[in-house]
Each structure stands twice: as C-alpha cells, then as structure tokens.
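Trainee: I'm new to this one. Could you take me closely through the place where the two chains meet, and then follow it on into the second chain?

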Amino acid sequence: MYNKIGPIFKKEFSSYFNSSIAYVFIVLFIFIPNLMFFYFFGGIFKEEMATMRRFFQMMPYVFIIFIPGLTMGSWAKEKNEGTIEMLFTFPISQWKVIAGKFFAAWALVGIAVGSTLFIPILTQLTMGDFDWGQIFTQYVGAMLMAATYIAITFFMSSLTMELIDSFLLSSSILLLLTLCGYITSAYVMIFPDWLGWLKVILNEISLSTHFNNFSKGVIHTKDVVYYLGLAMLFFYFNMKSLESRKWS
Amino acid sequence: MKKIEGIKLKKLQTMIIFVLVLINGFVFYTLMNKVYLRLDFTDGKKYSISKPTIDLIQKLENKLIINYYYEKRTQGVPGIAQVIQYIDDTLQEYENNSKGMIEYKLNELSFENPNDRQKIDEIEKLGIKTVSLSQNDGAEAKNTLGFSGLVIDYKGKATTMGTLFTDAKFEYDLDIELSQLMGSENNEKIGILVSSNTRTLEKDYRHLYQFVTAEYKDAEIISDAAQIPQDVTTLIIVGGEALTEYQTYKIDQFVMSGGNILAVLNGVVLNFNSQYGGPQAYPSQNPMIRLLADYGITVNADLVGDNLSFNPVAQRGQLFVEKLRYPLWVKIATENLNKESVIVEDFSTINLFWPSSITIADRAKENTKILFTTTKEAWSMKSDYKVDLDSYKYPTQEGKEQFVLGVSYDGAVSSSFADKPVPKNEGDASKETPFISNGKSKIVVIANEDFLSADFVNREDELLLALNAIDWLTKDGSLISIRNKGKFSRPLNKVLNKTMFNAYKNIIIGFTTYGIPVLFIIIGIFVSVIRRKKYKLIENRFSNPEVLEKDGGK
C-alpha cells in the first residue's frame, strides 16, 4: 500500500517544505501557543508545577486556526489552479491520493507538535519531574485530535474553490464542534433537567470533550474510536465530495 | 440519458451509504460507551478510582449530589490549581462510575462578583471555610483569601468537606464521608492507651493523638486499661510498662472477645537522664511483652543495630555539624518492607529508634506476617547495652543477622490467663466476669516506641504507618491503598536557589519559544538558498545550449 500512497505522501510533504508553508506553520505553531502558555496562562512557572496540562488544554482551540491554515489549500487550491484533474490521472485510486495528502499534513502537524516536547524534556533535566505517562497520552491525544481536524478541514476544502472560503468554513465548523463541549460546562451555562439530553449530545459530539481524558493521562477507547471514527467519516465524505465533481 | 440515470443511481447509492455509515457509527459509538477499555497512564493511577470506591458508590440507593465550590482567585495560588483540577477530575470519575446515581457540579465563585456573595455566605454556613493562602511572588509574599470544599447531599442529609487544598488521600477521605452518609461505615471505635512511667499521650505522643482523632472521629483516650469501654473495637497500646496485672488481664480479655490491638513497645528501656552519667539502658519489665509472648509474638530484650541502613546523628563539632554513624537508629530499607502487606506496601522506608527484635513462636507462624526487617548485616545487644554515640564512631560489631522488627497477626489466640487465676483488681471487690480462653483477633506489633514520640516524629510517614495498621485492624484492607494514594502534585523543586531557578526558567522559555522557531527559520532559509541554486543551475543548463550539449543532454 505504501508503494501507492508513498509517492503522493512524498510529493505533498516535500511541497510543504519546498515552499514556506511548513516553516511558517511550524514557527507560528510553536511560537504563538508557547507565548500564550508561558506569558498568559503562566505555563509551568506560575504554579511551579511540572505539568503540561494547561498547554494541552489550549490545543483544541489552537488547532482551530492552525490546521485549517495548513490544509485550506489541499483541494481548494488544486481545484482553483486546475491541477486536481492531473492529480487524479495518476494510476492510483482516489482514496490513496487523499490518504497521501492526509498523511503528509498529519506528519507536518506531528513535527510541529513534537517540537513542543522540548518544554518537558528541558524542565525534567533541570527543574522538576514530569509524569511521563501523562505526557505520552497528551501527545497521543493531540495527534489523534489533529487527524480528525485534518480530515474535517480536507472535506471542507474539497467543497470550495477559494482558500479563504475553505479556511473560514473549516474554522467555523471546528469552532462549533469544539465549543459545543465548552458551553455544557458549568462555567458557561446550566442546562435545566429537561434539556439534559441536549447536554449529553453536545458533550458527545464535541472535539474538545474527548480530549479531556488524554489531557489527564487516560486513554479511553471511546475517545480513540470517536477521533478515528470521525476522521474516517470525513475521509469518506471527502472521497465522495471529490467523486461528485464527475457527476455534474 | 443513460449517463444521467447512472449519475442519479450513483447519488442514491452515496446517500444510502452515507446514512448507513452514520447509523453504524452511532451504534458502534454507543456500544463503545458500554464496552470499553480505559488505560490510566499516570503515575500511581491518579485518575482511576479504586475498586473499594466503585463498590461503595454502587451501593447508592438514591441520587447523591456533590457540589464542589472553589474561589476563583484560589486557582492563582501555586499548587492549588492542580489540586482543584484533580478534585474536579476525580469527582467526574465518581459520576461516570455511578451509573447515574451521582450528580456532580463544579461551582466557581468569586468574592468580587456580587451575585456570588449570597452563595458564598450559604456555603460558609455549611462548613466550607475561607482561609488565607500564602503566595510567594518573587521576593514578595502575598496572601489570598480562598476556599475549596465539597457539599454532599444524600437522602436529605448533607455533609461537608470544608477545606480541600491537597490532593493527598482525597479519595480516601471522600469515601469515608460517603460511607458515613450512606450509613455503611462500620462503627469501629478506637481506644488509645499510653502506659508508661515517664511518657504521656498529651505530651510525648501528641502527634499520634492528633492524627488518630483527625482520622477517626470515634477515637477515645483510655486512661485505665481496666476500664476499656465495651464499644471500643481496636486498642492502640503505646508502651505498657505501667500496666498492672489486672489491667493486663483486661487487655487479654479484650483480645479474647475479638478486640484488635496495635502494640507499639520497646524491649529495652532507655534512660538518658541517668544520675550515673551517660545514657543507660536495661531490659523492660513490660507486662505487655509477656502477654504478647503468650500469643506467640515475643519482643526481645535487645537493641538492634543495622550496619547497612541507619540514620546518622547530627552533632555540633568544633566548626561544622557532624553526622555520626548510629546503627541503633535503624532505617528500614525498601527491599526489607513486605510488599505483600497492605500496611507497608507503599512505604519506601520507615525510621525506627532503638528498636528491639521480634521472635515468632512456631505455633503463631502460620497466622503471622512479617511487616519489615533489618538488612542482613544487623546485630543485636542482649546485655551491657551501649547507646552512647562514641561507641559507634567506628564499626564495633559485625552484622550477620536479619531481625524482624514489625509483624501483623490475624487468627485465633489463646488467653495468656487460660491456666492462671484471674488477677484481683485493687479496691474492687466485685466478682469478675466469666473468663474467655480463646478468641480470634488481629494484632500488629512494632518493637519500637520512639518512632511515634514527639522527639522523633518529624515526618508523616511514621504516623501513616500507625494509621495504616489501624485501618488494617478496623477496616477492609483495600481502603489502605486509597489512603496512600497521592500526593500527586509535582513541584519544580530540583533547583532551590531562586537565581538559578529564574535562569533555568529563562533558558527554557527562551529556547522553546524563540530558539526552536529561529532554528526552523534558519533551516527554511538554508533549504530555500539550496533550492534556488539548484534551480539556477537547471535554468542555466537549459538556457545555455552549449552546456547542455557538453553534458550530452543530461
């Protein structure tokens, strides 16, 4: 399978690094969340505790901006520039093209997320001991969540022709799916008993709620299934959306 | 025409597949809520509530409502935010495992918000206490008023956990509260008896008293062993040398009638205020030693020294404070703690001061579990005890033995007075109650008193050993594992020097926030320059036919 997906993956991945996209993405992805973590939320130094939990609590919200920014051009640009037809003339099936692109974007996000590992590593070496089991699940969760965000934004990108449309549509959908979990918390609004079902639904569909366990240090199959299931669902939508261009 | 129909069919197929995928996804996801795997990767399984807790909450008959309140600014105090987060997470776990029987709500209130004022007054009346929390901000120390507490409602009854500022043993404390609220807490009553010619509970064992009364609301001081209240089920006996024959008999009867005992006693009496100059030591005439020996557990009249594991004694020298070797202050090594006993399984060490060895009689071996021993390079003094520091400046004795210093016993015991006449109580002419010769009991014996005394208790570990032993004697042993859970906070404590701390802090922030992005920018520029050069080379080749020809069109 790699023989088929590999070339597409390589082409997409190197195209990120051959342009400024990868560097801008990685630099901003490290710089802005770190700045927020250390200066606005106090980071590990405000409480003087060896934990990355606050950093990862920001992650669902950070991804809302960064992942659409990375993937907005995945299909919209190809459609706009007319290169999509050429892409599908390759002697490989459509889903493998999508998978190649998907893994390339995921790998780039992986590099950016992985770069933040220096915070716990340096802190561990000099100042205090982390719970590495928790760190492990936080990074695993962040990557699973990123996969879902990428799948959703890929699909949104396949619906549009313009980059900005793709970015706005993707961010809005991700914002909705992320915030619906936040509004169910007691901080924002209290649901009356008769609306308890709505609270449950909003919680279950929220992208951020399912990250809570990973952020704590717990891996729950429910959360893994949710992220992988949603990613596969949008992967399928993406396929159908691209296929539909032949229907008209 | 055929093509249009084909497209319509394709669209229909896609729609059907779409709906089926959604239905399957929903069904599968719902199933995952019922049948799931949950792996807690945190150190000490921080976010997994224990089996005793799950068993307890599954006994709930009515809805239990837990409200957790904290003051907004409390979160800003170093270390507290993590505690609040942990309590919130743990309570969510309680809710998730209760099958809908627990309703949990997190309430953030603020002194600055006038709308919260009334609620704050209400919860203060319920017992949630506002405390002053100290916050070090560089050189300046600030105080912040805050609260963090739970109100639990069940069947019209309410209870409060008023000050929650540590994650240590939160689950245990909450379980105790829930048990009491649900009425499933067994009515164990603890009695504390200090029997010594020189020491008192209030002065010498006050820490033990404070800990026990804080942990067990139903704890009582027993001033006369001849009058152990009938509702006392577990007796903590510290010492015993002042016991009369009749009092010893009453303790024996207490054991025979199913009472449990934690006996903390020395085999050798130490006197540091001897008129002969220098510390003196002599074998103890403690009646408790004889009583326990009759049960099969003998606390020997010896002093044990451990050449491999001990606490040194700090003594002021001419210039510096010197640390002198003192093998009589035995430090139990981790590998010498019995990991199969819930009483000591979570300890890394226990400090004992002038301990004696314990011998277990063959008849008692089956029911006895060794809690901890010395290393294999220990020795004992059976007479002519030397306790002065000078004797231990250099190794004076070769250690070749391993000694038992603490045991637990669970099983039947025969009375020490089975074939003896019942002792007479002084000044009491009343006829004694019928004699019980056999009983089933739990006994913990630690051959050292000093580790609990106010002179040496400076860490909670030793008191925790006593509390674990009491838990084992009174409750389901599994609860001990909950008590030992926590504390989970991981402070940045490797660097204590503030200047160094700030320096490392700046390095970490600087490298991770600015250094790595700059590194990627440099890599980007480098890659871009190489690419441009490469393109230029290709461009030159194609724009210059001579070069292309020379290369043979390659």
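Mentor: Start with Val218(A): standing opposite it is Asp40(B), in β1(B). Keep in mind that this is a predicted model.

Now zoom out to the whole contact region. On chain A, 50 residues are in contact with 50 residues of chain B. Besides β1 (218–220), the elements of chain A that each supply at least two residues to this side include α1 (2–18), α2 (21–40), α9 (132–159) and α13 (221–243). Sort the chain A side by class and you get 27 nonpolar, 15 polar and eight charged residues.

Next, hop over to the sheet in chain B. It's an open one, with four strands in the order β3-β2-β6-β7 and mixed pairing. At its edges stand β3 (102–109) and β7 (157–161) of chain B, each with a single partner strand, so one side of each has no neighbour in the sheet. From one strand to the next, the twist averages 15 degrees.

For one pairing in detail, look at strand β2 of chain B, residues 64–71: its pairing with β3(B) is parallel, over eight bridges. There you can pick out Ile65(B), whose bridge partner in β3(B) is Glu103(B). Finally, find helix α5 of chain B, residues 170–182, which packs on the sheet and touches β6 (148–154) and β7 of chain B. The direction of α5 makes about 165 degrees with that of β7(B).

How values were computed
Residues are numbered from 1 along each chain as its sequence is written. Chains are lettered from A and ligands numbered from 1 in the order in which they are written. This is a predicted model: local features need pLDDT of at least 70, side-chain atom pairs count only at pLDDT 80 or more; totals for chains, interfaces and linings use all residues. Two residues are in contact if their C-beta atoms, placed from the backbone, lie within 7 Å. Ala, Val, Leu, Ile, Met, Phe, Trp, Tyr, Cys and Pro count as nonpolar, Asp, Glu, Lys and Arg as charged, and the others, Gly among them, as polar. Two strands pair if DSSP finds at least two bridges between them. Axes are lines fitted to C-alpha atoms, for helices over the stretch in contact, and angles run from 0 to 180 degrees between N-to-C directions.
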